[in-house]
Amino acid sequence: MRILFVCLGNICRSPMAEGVMRHLVAEQGLSRQIEVDSAGTSNYHIGAQPHTGTLKVLREHGIDLQHAARQFKPSDGERFDVLVAMDGDNLADMQQTLGKNGAKIHYLLDFIADGPRGRGVPDPWYTGDFNEVYRLIEAACRGLLEHIQQEHLDRPQGNR
Ligand code: 4NP
């Protein structure tokens, strides 16, 4: 099972989601079953480390992240089982890159139970509020992991 989180720059939101999700996956002892990565729809920051605000809030929650920004590419649609966009612009850009494979893209915050559908993760590049973004991303990643465990990992062999 491979999960890819996607935002615009791949330095603020999607690497934060990558770090949080990998941490939750490790807590559940699922690191060998679930692979986590992130990418950006733009080429603005290719090769860059995550934003210091993202690294700081992750560190405050005991999460260490190594990631160099990369751009989302058509082959990501085949390599990853779950594609997760941070907002509607990301989703539209991903659909354009993927063409017909775009159907399996999800909004991250749709994995928060009982929340509004299609809600975007606010971009801390503009808001500066990395703590708010962390809270949203953590809640959604918990929901996403539960969803994956129920839908993809718990079923008997041969029934996937
Ligand atoms: P991200 O935030 O998409 O969450 O990584 C941004 C990072 C950089 C820019 C915009 C958003 N930028 O315009 O450079």
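Which side chains does a polar contact of 2.9 Å join? I looked this up: the side chains are those of Asn10 and Ser38. I count a pair of N or O atoms within 3.5 Å as a polar contact; within protein, one atom must be able to donate a hydrogen and the other to accept it, and residues adjacent in sequence count only if both atoms are side-chain atoms.

**Basis.** I am working on a predicted model, in which local features need pLDDT of at least 70 and side-chain atom pairs count only at pLDDT 80 or more, while totals for chains, interfaces and linings use all residues. Residues are numbered from 1 along each chain as its sequence is written, and side-chain values use heavy atoms, with hydrogens and water left out.

**Asn10.** I found a second polar contact from the Asn10 side chain, to the side chain of His67 at 2.8 Å. Leaving out residues up to four places away in sequence, I list Pro15, Ser38, Ala39, Gly40, His67, Ala68, Ala69 and Arg70 as touching Asn10 (contact means heavy atoms within 4.5 Å). I place Asn10 in the loop between strand 1 (2-7) and helix 1 (13-27); helices (H or I, at least four residues) and strands (E, at least two) are DSSP runs, numbered from the N terminus. Asn10 has a positive phi, near 60 degrees, and is not a glycine. I read its relative accessible area as 1%, which is buried (buried is under 20%, exposed over 50%, partly exposed in between, with a 1.4 Å probe and protein chains only).

**Asp114.** Asp114 sits in the loop between strand 4 (105-107) and helix 5 (124-127). Asp114 is exposed, at 83% relative accessibility.

**Ligand.** I checked which residues surround the ligand; among them are Cys7, Asn10, Arg13, Tyr44, His45 and Tyr126. By class I have 7 nonpolar, 3 polar and 2 charged residues in the shell; Ala, Val, Leu, Ile, Met, Phe, Trp, Tyr, Cys and Pro count as nonpolar, Asp, Glu, Lys and Arg as charged, and the others, Gly among them, as polar. I found a ligand oxygen 2.9 Å from a backbone N or O atom of Leu8. A polar side-chain atom of Asp123 is 3.0 Å from an oxygen atom of the ligand. For Trp125, I read 3.4 Å between an N or O atom of the side chain and a ligand nitrogen.

Note on methods. A residue is near a molecule or strand if one of its heavy atoms lies within 4 Å of it.
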